[in-house]
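User: I would like to learn how to read helix packing and strand pairing in a model. Can we work through some cases?

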Amino acid sequence: MGRILLNHVEKRYGKDGGYAVKDFHLEIHDGEFLVMVGPSGCGKSTTLRMIAGLEDITSGELYIGDQLVNHLPPKDRDIAMVFQNYALYPNMSVYENIAFGLRLRKMPKHEIDQAVKKSSRILEIEPFLDRKPKQLSGGQRQRVALGRAIVRDPQVFLMDEPLSNLDAKLRVQMRTEIIKLHKQLGVTMVYVTHDQVEAMTMGHRIVVMKDGIIQQVDTPQKIYNHPRNMFVAGFIGTPPINLIEGKIMESTDGKLEFHTNRYYLEIPASQSNILKMKNKVNRTVVLGIRCENIHVNPAVSEATSYAQINGIQKINELMGADMYLYMDIGMPNLLIVRTRADHDFEENEKLILSLDMQKALFFDKDSKDNLLY
């Protein structure tokens with residue numbers, strides 16, 4: 001069983017040192033592809049290394065299957081780890097690199113040969129078995145590192161930023177290969193990355209971390225559409241979510257509006273009820289809205305959830321079929337809008353922007369929590 005339970009696990013360096021990981025509590029299901037994501041120094045690799053047995057646990061309990069493994073050495077945990085730098089032996093052939101761990105286990109020679117050839121077939125590296133690592137491309141070396149992990153037939157695969165040394169095109173290709181590999185093997189995979197695109201495209205669930213603390217654990221869709229706080233909303237999504245500070249006001253007919261010093265936006269009833277319940281009337285909050293929920297098209301404002309504001313186009317970025325417009329709406333930050341690339345927008349062109357307020361999020365100014373979560 002590849003189930004992993006981290007029961008309030010913590011990592012602290014020295015008596016007076018700070019926490020690298022604090023109160024990490026999570027169950028990783030058997031056969032799940034779990035991705036841990038966050039900025040550098042957030043504790044994701046440290047957590048992975050504690051699962052692997054490469055870092056001691058300061059407090060808490062770690063189970064793999066039904067076995068408590070806090071003090072079990074890495075070789076006895078039935079895990080395989082794939083590193084960022086491949087960690088291949090340069091003086092050994094691809095075949096010898098893949099077979100090395102099995103030889104340490106003193107497996108019979110014919111069983112080793114069968115296992116190596118099976119894993120090399122899965123990863124399509126059979127033609128390279130006689131080559132040395134220096135004769136391989138980055139993508140081929142990463143496949144060899146994966147082959148060395150597969151051949152051990154472990155309960156759990158641990159991957160620490162395995163694609164970060166590859167170029168952009170090869171990263172996309174290897175993402176697909178790893179997803180396909182997981183479907184073939186059906187084993188538990190825990191994957192660490194700082195790249196939120198990898199997290200969104202690969203994981204069954206995503207763990208977003210900051211400063212050693214779990215911020216949110218959920219499916220990619222829920223992380224994106226229902227972030228628990230402003231950090232998660234800003235970290236997940238490209239380009240980042242638009243954040244606008246303003247005040248919640250109540251009109252004479254009882255409707256709520258979001259006011260800035262330049263404009264106001266009517267808030268839909270479903271959101272208004274929650275904001276009233278949380279006593280946010282006459283309070284400053286932060287509105288969050290993603291670029292795809294803003295439209296350069298006044299016609300869509302006929303829908304009751306849309307609100308219009310004026311903007312001046314300052315910068316545009318062509319992204320193939322789409323274009324990102326950076327709009328001056330009289331706030332400190334430019335508003336980012338995603339639109340089709342079939343129109344030539346001119347610098348300082350005045351545009352009417354329609355915001356889908358049903359998709360808007362509201363964050364507490366002080367706690368940064370999502371008030372609608």
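Predicted model: local features only at pLDDT ≥ 70, side-chain atom pairs only at ≥ 80, totals over all residues.

User: At what angle do helix α2 and helix α3 pack?

Analyst: Helix α2 (residues 94–104) packs on helix α3 (residues 109–122) at about 130 degrees, and their axes are 10 Å apart. Angles of 65 to 115 degrees count as roughly perpendicular and those over 145 as roughly antiparallel, so α2 is oblique to α3. The crossing of the two helices is right-handed.

User: Which residues make the contact?

Analyst: From α2 come Tyr95, Ile98, Ala99, Leu102 and Arg103, and from α3 come Ile112, Asp113, Ala115, Val116 and Ser119. By class, seven are nonpolar, one is polar and two are charged.

User: Is strand β7 mostly covered or exposed?

Analyst: Buried means under 20% relative accessible area. Strand β7 (residues 156–160) is mostly covered, with five of its five residues buried. Val156, Leu158 and Asp160 point one way, while Phe157 and Met159 point the other way.

User: Which strands pair with β7?

Analyst: Strand β6 (residues 79–82) pairs with β7 in the parallel sense over four bridges, and Val82 is opposite Met159. Strand β8 (residues 188–193) also runs parallel to β7, joined by five bridges, with Asp160 opposite Val192.

User: Which strands stand at the edges of the open sheet of five strands?

Analyst: The order is β15-β19-β16-β17-β18, with antiparallel pairing. β15 (294–295) and β18 (335–340) each have a single partner strand, so one side of each lacks a neighbour in the sheet. For β15, two bridges link it to β19 (residues 350–356), where Ser354 stands opposite His295.

Notes: Residues numbered from 1 in each chain as written. Heavy atoms only, no water. Axes fitted to C-alpha atoms, helices over the stretch in contact; angles between N-to-C directions. Parallel < 35°, antiparallel > 145°, perpendicular 65-115°, else oblique. Left-handed = near helix turned anticlockwise from the far one by under 90°. Contact = heavy atoms within 4.5 Å. Nonpolar A, V, L, I, M, F, W, Y, C, P; charged D, E, K, R; others polar. Pairing = 2+ DSSP bridges. Buried < 20%, exposed > 50% of the residue type's maximum accessible area, 1.4 Å probe, protein only.
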